[in-house]
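Me: Please take me through the structure shown below, one question at a time.

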Amino acid sequence: LPRIHARCLPARLTQRGHRNTLPPALSNACLLRRTRRNNLALSASMHLFILLAVKLMHTANVNLDACFAGARMPLDFGERRREGLREILRAMLARATEWAADAVLIAGNLFDAARVTRDTLSFLQKAFEDIQPVRVFIAPGDLDPCTPESPYVNASWPSNVAIFRNPEWQACVVEEARLIVHGRASGPQTGNLDALSVPERSGWVQVALVHQPTWGIHLSEAGEEELLGLDYVAVGHIHEAAAFGEAPTLWCSGAPESLGFDDSGERCCLEIELGDNGIHVTRVPSGRILYKAFTVECSSFVGLSDATDALRAAVSAEALPVAARVTLRGACSSEVRYRLPQLRKAAGDAFEGLSLVDETLSDEDYDELGRENTCLGMFVRRLSEELRDAPDAERERFVRRARDLGVAAYRGLDVEI
């Protein structure tokens, strides 16, 4: 049976593959043919209507072309992560098609406008075009604002894409789904729902799409009365998926992927079904990487293999690939301390990315070295005296590091500065 979109109706359809079948109670109903508006009429004597839920996919903060330089990872890490973000968006759009979503709602920060490339725009145009007739609605955010130079203004977008380019509320109508999407771009009065006038349309689903409501920190106090007339409000900005208020009408989708060590947590997109039984929101996991920062105590390590085994063991139980920032601490031998590049290479295949922070202490006996009547002894004595007279902790760390590197260089060790 074809899909219809009426509101507050008692009977329901069950879905089996691509066919919708009536429940047994309605098996004797006289079914009329599909009309041009995609509605299904039953026998006039029964006066029954059937509702299939309006289905929406909600995401935000995809941040295509994001910069990963601050992660202190190998040079190719950023390129791999940017490609990973594309793959996640591609998978979400494929899911929207398979799930037969009526629309995809993107609540801002689809890309980083300061770094977005032509190749990324071409990717987006094709990805959105490939899911037609599914509609795509975009409310620009703070990282992808709709300025005169924005790709939202200057690029060509497929016919199934609607972009809310103005800071004032606008409405887009999807007739076949009996769906109205109200949206606006980020601006000085970003997302003030008080300024949104929602017309009464019996039998229609009405949703709002905005990157960041002006409620800000008071967002959780949003109540049913403030959202009167709206069946759902799709919000972005915050990277954690969450509902606000007692009624599950206003949702932040979070981010579909973590972007750094300060951006960890569950990553997902939302699937929303709005029907005669109200609203049903499902979190669909989308993250493909885990950022993890931890410390490894190196005092007991004899050689490089001990350190390699410890790093591998720290992430062996994780379900997702790990990008790790590992702080190495404790007094350890030069076999470990001055071979960090080799350690990174030996353990690297267990990680999506690996950054090593060296806070180890040398197991060298500098007092003994300083008593030697050699160039090395003279160097150690001078640096040790300066270390004792260091005026602050920062200078102390600097001199200690200089002494360690000087001794390592004298001995011909391959050190990382």
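Me: In which loop is the place of Asp144?

Reply: This is a predicted model, in which local features need pLDDT of at least 70, side-chain atom pairs count only at pLDDT 80 or more, and totals for chains, interfaces and linings use all residues. Residues are numbered from 1 along each chain as its sequence is written, and side-chain values use heavy atoms, with hydrogens and water left out. Helices (H or I, at least four residues) and strands (E, at least two) are DSSP runs numbered from the N terminus. On that numbering, Asp144 belongs to the loop between β7 (135–138) and α3 (151–154).

Me: Which side chain of opposite charge is nearest to Asp144, and how far away is it?

Reply: Lys and Arg count as positive and Asp and Glu as negative, while His and the chain ends are not counted. Asp144 is buried (under 20% relative accessible area; exposed is over 50%, partly exposed in between, with a 1.4 Å probe and protein chains only).

Me: With which side chain does the side chain of Asp144 make a polar contact?

Reply: A polar contact is a pair of N or O atoms within 3.5 Å; within protein, one must be able to donate a hydrogen and the other to accept it, and residues adjacent in sequence count only if both atoms are side-chain atoms. A polar atom of the Asp144 side chain lies 2.6 Å from the backbone nitrogen of Gly141. The side-chain partner, at 2.5 Å, is Tyr152.

Me: What is the order of the strands in the open sheet of six?

Reply: Two strands pair if DSSP finds at least two bridges between them. β7 and β8 run parallel and are joined by three bridges, with Ile138 opposite Ile163 in β8. The pairing in the sheet is mixed, and the order is β8-β7-β6-β5-β15-β16.

Me: Why is one side of β8 and of β16 left without a neighbour in the sheet?

Reply: β8 (161–163) and β16 (278–285) each have a single partner strand, so one side of each has no neighbour in the sheet. Both stand at the edges.

Me: Which side chain is in polar contact with that of Glu271?

Reply: Glu271 lies in strand β15 (residues 268–275) and is buried, with a relative accessible area of 4%. Residues that it touches (heavy atoms within 4.5 Å) include Trp99 and His280. Its side chain makes a polar contact, at 2.4 Å, with the side chain of Arg95.

Methods
Salt bridge = Lys/Arg side-chain N within 4 Å of Asp/Glu carboxyl O. Lists of a residue's contacts leave out its neighbours within four places in sequence.
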